[in-house]
Amino acid sequence: MDNSESIQPLGRSCAGVLGIVLISLASQTGHAQFVNKGNVKVSTGTILSVYENYKNEDSGNFVNDGQVHVFQDWENNGTVTYSGDSSKGKTFFTGVSEQIIEGTQVSDFQNILFENSKSAVPFNLAGTISVGNKAEFKKGVVNADPYGGKVIFKENAVHSNVSDASFVDGKVEKQGDKAFQFPVGDELHFRPSYHQAGTSKDNVYTTQYFYKNSDDQYSHSSKEADILFINDKEYWSVTKDKGAENIVLSLTMAGSTTPPDFFSPSAGTQVAIVRWDETQKKWINEGGAVSEPASGEPYANLLTSKVSGYGIFTMALVKTVLPPVPDSVIVYNALSPNGDGINDTFLIKGIDQYPDNEVEIYNRWGVKVFGTKSYNENDNMFKGYSDGRATVNRGEKLPTGTYFYILKYNNGTKGIEKSGYLYISNQ
């Protein structure tokens, strides 16, 4: 029998939705599997349930605009895609045994759900899958690193429900200019990084988290003089695969993986992002600031900085940086824009003396909410509203929480950069 003829529609399900079931064929290895060499289209409102291993041959064309439930292994060597602008097509990986997701070609899913309770790590990703709309991580780690797998999120793709119980252990690629939380982790630790919104839809970044000592590959003894102690438990790989801009990067800190010294640095030290510079073959200080705990937010401590390059990142204890030349600029990092005349604006006292300045403000997830040049103490100030240059609409009052600021100015001798956290209270 030609395997391309193995797909046959069977009546309506009890829910009143047209269901499609595949006839099982015995492969040459003796294991039952469903094989497609031709064309399969699952239309909107149609359910396809696959109870045996599925293989899409190089001649196979599989289009899912409905619901596809995959209970065993998945292999794609042809075309797996969806049609139209609808966001209804969804693929469910909901097996009761461990599942292998593989193939020589990208499986292009519109929506995808991972839910498998067989083990803590039930999904072995040995191929590449892409997400056009949404990925739901409900139960089970997607184990991609040992198999060379990758998950791609397209320009408008998002995800939900990521936790220690379900994330990607391996490479995650993000395309486009949207701010994004990378759903990465290692072993049973979900440890995301965050990227600010960019300016080009052509941007492509890839991130992976490692719960191991970076000193094994990137010597901690080779570092700038102000770096005192480098995190010896974890690191992130962040690559810029396409694009020309640097990012505001946020790394998460968690008591389960991050050394305790980073939560209470001693006097004269602070926590900063450090990056392995491949050209200089040493760790460099990228600066940054740690947020204060915020009610209702998943991470009490985020380390944020605008980085100057890409590669291997982690956090380190560094010497507290003091301005090279004393000046009178004082940053007041509390803002309550309620119109009572007290702390209604972000005050940078003394900045009027240095009109050659620039201020940028980002939310805790790296989304730029304010940016201006020639900041002053009178008519060019941040008042707790978005200036509309990112994903927050112009004139929209920003929610209560912690924000990250970058201040650059020339004090007449040299350029100075300060950064830290600003707390906005709108209660």
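Here are some notes on this predicted model, point by point.

1. **Ground rules.** Since we're looking at a predicted model, local features need pLDDT of at least 70 and side-chain atom pairs count only at pLDDT 80 or more, while totals for chains, interfaces and linings use all residues. Residues are numbered from 1 along each chain as its sequence is written, and side-chain values use heavy atoms, with hydrogens and water left out.

2. **The big picture.** You'll find zero helices in the chain, but 41 strands. Both are DSSP runs numbered from the N terminus: helices are H or I with at least four residues, strands are E with at least two. Of the chain's 427 residues, 51% are buried, meaning under 20% relative accessible area; exposed is over 50%, and partly exposed lies in between (1.4 Å probe, protein chains only).

3. **Contacts along the chain.** Take the contacts (heavy atoms within 4.5 Å) with a separation of 6 or more: 52% of them involve residues 24 or more positions apart.

4. **A parallel run.** Strands pair if DSSP finds at least two bridges between them. E5 (residues 39-42) runs parallel to E8 (residues 61-64), with four bridges, and asparagine 39 sits opposite asparagine 61. E8 is also parallel to E11 (residues 79-81), through three bridges; there, phenylalanine 62 faces valine 80.

5. **An antiparallel sheet.** Now look at the open sheet of five strands, ordered E22-E25-E29-E33-E32 with antiparallel pairing. Its edge strands, E22 (180-182) and E32 (289-290), each pair on one side only. Inside the order, E29 (residues 248-252) and E33 (residues 302-306) share five bridges, and threonine 252 has leucine 302 as its bridge partner.

6. **Threonine 207.** This one belongs to strand E26 (residues 204-210). Why does threonine 207 count as buried? Because its relative accessibility is 1%. Leaving out residues up to four places away in sequence, threonine 207 touches several others, including Phe182, His195 and Trp236.

7. **Serine 308.** Head to the loop between E33 and E34 (311-319) for this residue. Serine 308 has a relative accessible area of 46%, so it counts as partly exposed. Beyond its neighbours within four places in sequence, serine 308 contacts Asn246, Arg275, Ile284 and Glu286.

8. **Serine 308's polar partners.** A polar contact is a pair of N or O atoms within 3.5 Å; within protein, one must be able to donate a hydrogen and the other to accept it, and residues adjacent in sequence count only if both atoms are side-chain atoms. The serine 308 side chain has such a contact with the side chain of arginine 275 (3.2 Å) and another with that of glutamate 286 (2.9 Å).
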